[in-house]
Amino acid sequence: MIIALLLDLANIVGGFLLAVALLRRLPRVGDDLGRFAARVAPFGWLVGIVALVAGGYYLLVHLISGPRVFHFEVVGIGVGLALLWDRLTGRPAPRPEAAQGAATGLGLLLAIFGIIAIVVGIQGLFTPDG
């Protein structure tokens, strides 16, 4: 289904936006990933809405008639909430790249969750929908 593909892509792109502070530290590709993230970052709210809506849809479907709740939708809802935090609460969202380094506090937690979301999104691309 298209909604499953949107959820997987939102997990991958949203995870990338959350994990960019750690990904910038990769040798040779970190600067390029940072520049790409800077271009994609203005659309982070759109990715967050897609992740929240698609994850919420599948959560409701699997709670009502599905076999069980899957981790794809839980991670999608988490990615959506993390990307839309400042718009939902009115408080500034914690940005990992604003800290001295990615290895501090909440920024590190968001970056690790972003890497988990990337892995879950890739896994979702290869998992059958039926």
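These legends describe close-up views of a predicted model.

**View 1**
Five residues make a nonpolar surface patch of about 490 Å². They are Leu5, Leu9, Ile122, Leu125 and Phe126. Two elements give two or more residues each to the patch: α1 (2–23) and α6 (105–126). Helix α6 gives the most, with three residues. Leu9 is one of the residues of the patch, and Leu9 sits in helix α1. How accessible is Leu9? Its relative accessible area is 40%, so Leu9 is partly exposed.

**View 1. The buried face of helix α2.**
Helix α2 spans residues 30–40. Its buried residues are Gly30, Gly34, Ala37 and Val40. Looking down the axis of α2, these buried residues fall within an arc of 125 degrees, so they line one face of the helix. An α-helix has 3.6 residues a turn, so residues three or four places apart point the same way. What does the buried face of α2 pack against? The buried residues of α2 pack against α1 and α3 (44–64). On the other side of α2, Asp31 and Arg39 are exposed.

The whole structure holds one salt bridge by the search made here. Which residues form this bridge? Asp32 pairs with Arg35, and their closest N and O atoms are 2.2 Å apart. Side chains of opposite charge can pair when their charged atoms come close. Asp32 and Arg35 are three residues apart in helix α2, so about one helical turn separates them. Asp32 is partly exposed, at 42% relative accessible area. Arg35 is also partly exposed, with a value of 46%.

The model has two aromatic pairs. One of them joins Phe16 and Phe36. This pair is tilted, with 50 degrees between the planes. The ring centres of Phe16 and Phe36 are 5.6 Å apart. Phe16 lies in helix α1 and Phe36 in helix α2, so the pair ties together parts that are 20 residues apart in sequence. Are the two partners buried or exposed? Phe16 counts as buried, at 12% relative accessibility. Phe36 counts as partly exposed, at 44%.

**View 2. An edge-to-face pair of tyrosines.**
The rings of Tyr57 and Tyr58 also form an aromatic pair. Their planes stand at 75 degrees, so the pair is edge-to-face. The ring centres of Tyr57 and Tyr58 are 5.2 Å apart. Tyr57 is partly exposed, with a relative accessible area of 37%. Tyr58, at 12% relative accessibility, is buried.

**View 3. Leu23 and its surroundings.**
Leu23 is part of helix α1. Its relative accessibility is 15%, so Leu23 counts as buried. Which residues does Leu23 touch, not counting residues up to four places away in sequence? Leu23 touches Phe16, Gly30 and Leu33. Phe16 is also a member of the tilted aromatic pair. Gly30 is among the buried residues of α2. Leu23 and Gly34 are 11 residues apart in sequence. In space, the C-alpha atoms of Leu23 and Gly34 are 7.8 Å apart. Gly34 is another of the buried residues of α2.

**View 4. Arg28 in the loop between α1 and α2.**
Arg28 lies in the loop between α1 and α2. Most residues other than glycine have a negative phi. Arg28 is exposed, with a relative accessible area of 84%.

His62 lies in helix α3. Is His62 buried or exposed? His62 counts as buried, at 14% relative accessibility. Its contacts, leaving aside neighbours within four places in sequence, are Pro67, Arg68, Val69, Phe70 and Glu73.

How values were computed
Residues are numbered from 1 along each chain as its sequence is written. This is a predicted model: local features need pLDDT of at least 70, side-chain atom pairs count only at pLDDT 80 or more; totals for chains, interfaces and linings use all residues. Side-chain values use heavy atoms; hydrogens and water are left out. Patches are made of residues with over 30% relative accessible area and no salt bridge: like charges are joined within 9 Å, nonpolar side chains (Val, Leu, Ile, Met, Phe, Trp, Tyr) within 5 Å. Accessible areas come from the Shrake-Rupley method with a 1.4 Å probe; for residues, only the protein chains shown count as cover. A salt bridge is a side-chain nitrogen of Lys or Arg within 4 Å of a carboxyl oxygen of Asp or Glu. Helices (H or I, at least four residues) and strands (E, at least two) are DSSP runs, numbered from the N terminus. Buried means under 20% relative accessible area, exposed over 50%, partly exposed in between (1.4 Å probe, protein chains only). The arc is that of the directions from the helix axis to the C-beta atoms. Contact means heavy atoms within 4.5 Å. Rings of Phe, Tyr and Trp (its six-membered ring) pair if their centres lie within 6.5 Å; planes under 30 degrees apart count as stacked, over 60 as edge-to-face and the rest as tilted.
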